[in-house]
Amino acid sequence: MKLGKAAPPASNPIQVISLPHIPVESAMPANSNLESAILANDLPACSLLTSSTTSTTDPLHALSLSARLSRPLAFAHLLTLHPSLTDSLNTEPLLLAALTGGSVPIWRIILAHEPTAKNRRFGHYGTVVERCVMGEKKELLEYLLGEGARVEMTGRPYC
């Protein structure tokens, strides 16, 4: 078998196009800054990003995000910074975020302000206990049962 000669270079070489430089920060959604601050427990950044004078970020969204990401320091800081949020501790979106995160320290904070949250029912989502079982949050389930959460199953299928 004879090897042939290499093919000649193409008559139309590939052109390199220069694109304008876009800083990474401007390409990222604003929410990622908040998420980064919460994940890093950067409390001054959390304060700045949820301050009513410097940001349009909803403090309740930030609180839910800190619960979902299991960041009790940021969660407690946001509650201290925005005391009116304690009225929102028994709302479905916040409690579902806290169940998703599965953080016992966050649930300690929630129950200190709103003890009835441990028995909350979420319509078609089931009860707090059911959500712990479905999400395999064993440590959180043990904590909530120790705090007196009622074991009431709705009997609804989970699929």
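What does the accessible surface of the protein chain come to, and what percentage of it belongs to carbon and sulfur atoms? The accessible surface (Shrake-Rupley method, 1.4 Å probe) is about 10,200 Å², with 59% contributed by carbon and sulfur atoms.

The model is predicted, with local features requiring pLDDT of at least 70 and side-chain atom pairs pLDDT 80 or more, while totals for chains, interfaces and linings use all residues. Residues are numbered from 1 along each chain as its sequence is written, and side-chain values use heavy atoms, with hydrogens and water left out.

**Whole chain**

Begin with the protein chain coloured by pLDDT, the predictor's confidence in each residue from 0 to 100. The average is 80, and 73% of the residues score at least 70. Next select residues 17–30, where pLDDT is below 50; beyond near neighbours in sequence, this stretch has one contact in the model (contact means heavy atoms within 4.5 Å). Where pLDDT is low, the predicted coordinates should not be read in detail.

Switch to a cartoon view. The protein chain contains nine helices and zero strands; helices (H or I, at least four residues) and strands (E, at least two) are DSSP runs, numbered from the N terminus. Of the 159 residues, 31% count as buried, where buried means under 20% relative accessible area, exposed over 50%, and partly exposed in between (1.4 Å probe, protein chains only). Among contacts with a separation of 6 or more, 63% are made by residues 24 or more positions apart.

**The nonpolar core**

Select L63, F75, L99, W107, I110, L140 and L144, the residues with the most contacts inside the largest nonpolar core, which has 36 residues. Such a core is a set of buried Ala, Val, Leu, Ile, Met, Phe, Trp, Tyr and Cys residues joined through side-chain atoms within 4.5 Å. At least two core residues come from each of α2, α4, α5, α6 (92–101), α7 (104–113), α8 (128–134) and α9 (138–146). The largest share, six residues, is supplied by α6.

Centre the view on L144. Not counting residues up to four places away in sequence, L144 touches W107, L111, K118, V128, C132 and A149.

**Helix α2 and I38**

Move to I38 in helix α2. With a relative accessibility of 0%, I38 is buried. Display its surroundings: apart from neighbours within four places in sequence, I38 contacts C46, A62, L65, S66, L69, R71 and A74. A distance line from I38 to S66, C-alpha to C-alpha, gives 6.1 Å across 28 residues of sequence.

**Helix α3**

Select C46, S47 and T50, the buried residues of α3. Viewed down the axis of α3, these buried residues line one face of the helix, because they fall within an arc of 100° (the arc of the directions from the helix axis to the C-beta atoms). On the face turned away from the buried side, select the exposed residues P44 and L48.

Stay with S47, which is buried at 19% relative accessibility. Leaving aside neighbours within four places in sequence, S47 is in contact with H77 and L81.

**Two loop residues with positive phi**

Select N41 in the loop between α2 (30–39) and α3 (43–50). Although N41 is not a glycine, its phi is positive, near 55°. N41 is partly exposed, at a relative accessible area of 30%.

Finish at S70, in the loop between α4 (59–68) and α5 (72–81). S70, also not a glycine, has a positive phi of about 55°. The relative accessible area of S70 is 23%, so S70 is partly exposed.
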